[in-house]
Amino acid sequence: SYCNPALAKTGCIVDANDDHYAILLDYVDIGTNQNKIYFLTLDKASSNPNAGKTILTAGFTGDIDFSIGTAISTFNQTNSDYFVIAKSYSLDDDEEDSIELSINQNASAAAIITNNLMMDMLNGDGPDILINTGNYSQFNSDEYLMDLSSFIDEEFSDGILFDNVIEASKTNGKLYQLPTTFLVNGIILDAKNSNGNVGFTFDEYNTYVSDTCNGSNPIAPDGGRLDAFNALYPIMSELMYDEDGNVDFENGVFEQIATYCLENIGQKPSGFVAPSGVQDGMTLKLNSFVQVSNILPYLLANPMLHDVTLVGIPSVDGRGLSFTANSSVAISVSCCDEEGAKAFVKSLLTNEKNYDQAFENPILVSAATDLSLKIIKYYNEIYDINLEHASSVADLNSLGIYRYDPALVDNYIAILKTVNCSTSADMNILVIIDEEIQAYFAGQKSINDVISIIQSRAQTVVDER
């Protein structure tokens, strides 16, 4: 079965022979934030308990998080017909060297890794299940993946999963990739400053920056046009395609994004880390661009102002909050056993224990609620411990230590249910854009010239696939 490394931050073998291993493991329990130590013993079985099972290969990029790792381990131990083996797709040494001088190393690395995976799939050597490719839109077609829409509709009634996130994951009405845990991207602010909107158009956002933020732009407070562009483009990347799947950078949307960045964001070399808005350890500055993995940022903004919300970053149509898949699952069209792969996906989504140590928003609403309550309980216990030694509640509050109302969980879940778009994008095309757009930002080429080059290069990539 899959040994989930998320369980332990350190481990060492303390005894071993041909038939027996004893391993000492040290890990941090997310619910209590306490270090725990335990022994894991592995004894050789008299016979292979998995003999006769159908092998399903799960190809993954990045790291396997707790929810996926636990699901694989549990599935392998409990399912009598199938066994999942994880296969990593990552850069080799030469590929690592090749991206050192690239403008956007993350996108360049993702492009190489996903290209290798796609080639395996086209050659018939690809995995049955794809893990953690949910942010890479180049996979989202009938050529690579199964449409899971009807499967999800049949297995899950409305409201069990975050249906809005599922809907935002679709490409032309088809659910190729299913996020299992996710992050939410947006601006955290006093609800009265949202004017009841879920997001901003570029004109509305300029007014908000001028009137509410005193000219400090939340998505790029320190400047950086390319960084701002890379935050804005993915949430609108699906608008760069026509009905036939051909790229279309000449429809005006791309120009609006690029022009906004040129005219409203100061220039700065790319590569700085975008601020999270968290400051002083236990407080969060309002009017900040944040990536919310769980309820904590929402809590940190709430002690002194209880009418806090999250809204989407600016776009051409004022769309709302976007999500980024922290982990995801998909099934290849060439899967050796569709029934077995769907059994794994179902087990991943229905077993709440998969999310016991997860720290990102689970796609299962009940699990997201439990995670939020667990975090509030933890911080309220810190409050109670400190209150015993504090002279007053005011003194605690001055240190950024507060008691949080569990009722805030309902507000937070309601905010998650407003997510309506994804940051999924084609990494190969994003690499091209980052290479070409800088000439426009530097005043060396017109936007029309840059768009023409991007259009040609991007369409070539799509055609060659």
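Predicted model: local features only at pLDDT ≥ 70, side-chain atom pairs only at ≥ 80, totals over all residues.
Reader: At what angle do helix α7 and helix α14 pack?

Author: Helices (H or I, at least four residues) and strands (E, at least two) are DSSP runs, numbered from the N terminus. Axes are lines fitted to C-alpha atoms, for helices over the stretch in contact, and angles run from 0 to 180 degrees between N-to-C directions. Here α7 (residues 225-232) and α14 (residues 427-441) pack at about 135°, with axes 11 Å apart. That makes α7 oblique to α14; angles under 35 degrees count as roughly parallel, over 145 as roughly antiparallel, 65 to 115 as roughly perpendicular, and the rest as oblique.

Reader: Which residues of α7 and α14 make the contact?

Author: Contact means heavy atoms within 4.5 Å. From α7 come Arg225, Leu226, Phe229 and Asn230, and from α14 come Leu430, Ile433, Asp434, Ile437, Gln438 and Phe441. By class there are six nonpolar, two polar and two charged residues. Ala, Val, Leu, Ile, Met, Phe, Trp, Tyr, Cys and Pro count as nonpolar, Asp, Glu, Lys and Arg as charged, and the others, Gly among them, as polar.

Reader: Does α3 pass α14 in a left-handed or a right-handed crossing?

Author: A crossing is left-handed if the near helix is turned anticlockwise from the far one by less than a right angle, and right-handed if clockwise. The crossing of α3 with α14 is left-handed, whereas α7 passes α14 in a right-handed one. The axes of α3 (residues 105-122) and α14 come within 8 Å and cross at roughly 145°. In α3, Ala107, Ser108, Ala110, Ala111, Thr114 and Asn115 meet Met427, Asn428, Leu430 and Val431 of α14. That contact has six nonpolar, four polar and no charged residues.

Reader: Which strands pair with β7, and in which sense?

Author: Two strands pair if DSSP finds at least two bridges between them. Strand β7 and β12 (residues 322-331) are antiparallel over seven bridges, with leucine 183 opposite threonine 324. Five bridges join β7 to β10 (residues 288-292), also antiparallel, and valine 184 stands opposite valine 292. Strand β11 (residues 308-311) pairs with β7 in the antiparallel sense over four bridges; aspartate 190 faces valine 308 there. Two bridges join β7 to β13 (residues 361-362), again antiparallel.

Reader: Is β7 (residues 178-190) largely enclosed or open?

Author: Buried means under 20% relative accessible area, exposed over 50%, and partly exposed in between (1.4 Å probe, protein chains only). In β7, 13 of the 13 residues are buried, so the strand is largely enclosed by the rest of the structure.

Reader: Is valine 311 buried or exposed?

Author: Valine 311, in strand β11, is buried at a relative accessible area of 2%. Leaving aside neighbours within four places in sequence, valine 311 has contacts including Gly186, Ile187, Leu189 and Phe200.

Reader: Where does threonine 133 lie?

Author: Threonine 133 is in the loop between β6 (129-131) and α4 (149-155). At 0% relative accessibility, threonine 133 counts as buried.

Technical notes: Residues numbered from 1 in each chain as written. Heavy atoms only, no water.
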